[in-house]
Amino acid sequence: MQRKKKTGGTYPQPDAVDSLTTDPALLLIFIGSLIFIITFFGCFGALRNAVCLLKIFLGTMVVILLLQIAAALLGFLFSDMVLERTELLMRRGIVLYRDDMDLENVVDFVQKKFQCCGGHSYKDWSYNAYFECSKTNPTLERCGVPFSCCIQQKKKSVLNTMCGYGTQNLNELLAGKSIYTTGCLDKIVRWGKQNLLFTGGITVGILCLEICMISLAAAQISQITRIQQSNANRRGTYRLKKQGNTS
């Protein structure tokens, strides 16, 4: 089954990836568990000189590195598809805004941080059942936007959570006096272009760190293997001498 969009199209049912990316708690649990397992293999393997665990750590890090490089290349080559997917995820965040407290906090944080509202426009909030601008919507928030869209007055110490009520009925010029009217997707893309060197530097730094860990793991494996072979040769030589003396 597919849910109808306000524009008359269809809104696809969420898949596993959508559920993971729109639920901050699940996303953090997944990433934390993955990091714990990978670091466990690396640390325990280095402490116990376990070549098998170190090889698992090395192989996992190589796969992650290759996936990151592939994702960066695909994102660059298919930037329109990435933007479309991001827009879909943001739309799902708007639709599920009141249904998930963690997701609500993330959306509010993004809108406050980037001083934006909705995906492409503040009127995107009409996709949410509570803010939907229709006569059949009985809630007080009808035709409104969340308080995180509001332009905060520096002189006011008390937060007005009703500042966005009814703003979807206003044109962009009038609404812009009390709320941010620019969409978050446009603001995030603009921020990315303005901070391209910063984000690129962080990405290169992370890749260099991963390459360093891969190199250290490979060196550790090589050193352990060399020591084990040397010990095995010594034991073999000792046995041969012992057999020669007994004979």
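## The largest pocket

Let's start with the largest pocket and the helices around it. Helix H4 gives the most to the lining of this pocket, with eight residues. This is a predicted model, and in it the largest pocket has a volume of about 1300 Å³. The pocket is lined by 36 residues, and those closest to its centre are Val82, Thr86, Leu185, Ile188 and Val189.

Which elements give two or more residues to the lining of the largest pocket? They are helix H2 (24-47), helix H3 (51-77), helix H4 (79-95), helix H5 (101-114), helix H7 (184-194) and helix H8 (196-246). Sorted by class, the lining has 22 nonpolar residues, 12 polar ones and two charged ones.

## The overall layout

Stepping back, you will find eight helices and two strands in the protein. From the N terminus on, the order of elements is β-β-α-α-α-α-α-α-α-α.

The protein has 247 residues, and buried residues make up 26% of them. Among contacts with a separation of 6 or more, 63% are between residues 24 or more positions apart.

## Where H2 meets H3

Two packed helices are described by the angle between their axes and the distance between the axes. For H2 and H3, the axes come within 8 Å and cross at roughly 145°. The crossing in which H2 passes H3 is left-handed.

Which residues of H2 and H3 meet? On the H2 side they are Ile38, Phe41, Gly42, Phe44, Gly45 and Ala46. Their partners in H3 are Leu53, Leu54, Ile56, Phe57, Thr60, Met61 and Ile64. By class, this contact of H2 with H3 has 10 nonpolar residues, three polar residues and no charged residues.

## The loop between H5 and H6

Next, have a look at the loop between H5 and helix H6 (172-175), where Gln115 has its place. Cys143 is also in the loop between H5 and H6. Most residues other than glycine have a negative phi, and most peptide bonds are trans. Gln115 is not a glycine, yet its phi is positive, at about 50°. Cys143 is not a glycine either, and it has a positive phi of about 65°.

Is Cys143 buried or exposed? Cys143 has a relative accessible area of 2%, so it is buried. Gln115 has a relative accessible area of 41%, so it counts as partly exposed.

Ala129 is found in the loop between H5 and H6 too. With a relative accessibility of 52%, Ala129 counts as exposed, because the cut-off for exposed is over 50%. How far is the C-alpha atom of Ala129 from that of Val95? The two C-alpha atoms are separated by 7.2 Å, while Ala129 and Val95 are 34 residues apart along the chain.

Key. Residues are numbered from 1 along each chain as its sequence is written. This is a predicted model: local features need pLDDT of at least 70, side-chain atom pairs count only at pLDDT 80 or more; totals for chains, interfaces and linings use all residues. Side-chain values use heavy atoms; hydrogens and water are left out. On a 1 Å grid over the protein atoms alone, a cavity is a set of points where a 1.4 Å probe fits but cannot get out, and a pocket is an open set with protein on both sides within 12 Å along at least five of seven lines; lining residues have an atom within 4 Å of a point. Grid points are joined across faces, edges and corners, and a volume is the space filled by probe spheres set on the points. Helices (H or I, at least four residues) and strands (E, at least two) are DSSP runs, numbered from the N terminus. Ala, Val, Leu, Ile, Met, Phe, Trp, Tyr, Cys and Pro count as nonpolar, Asp, Glu, Lys and Arg as charged, and the others, Gly among them, as polar. Buried means under 20% relative accessible area, exposed over 50%, partly exposed in between (1.4 Å probe, protein chains only). Axes are lines fitted to C-alpha atoms, for helices over the stretch in contact, and angles run from 0 to 180 degrees between N-to-C directions. A crossing is left-handed if the near helix is turned anticlockwise from the far one by less than a right angle, and right-handed if clockwise. Contact means heavy atoms within 4.5 Å.
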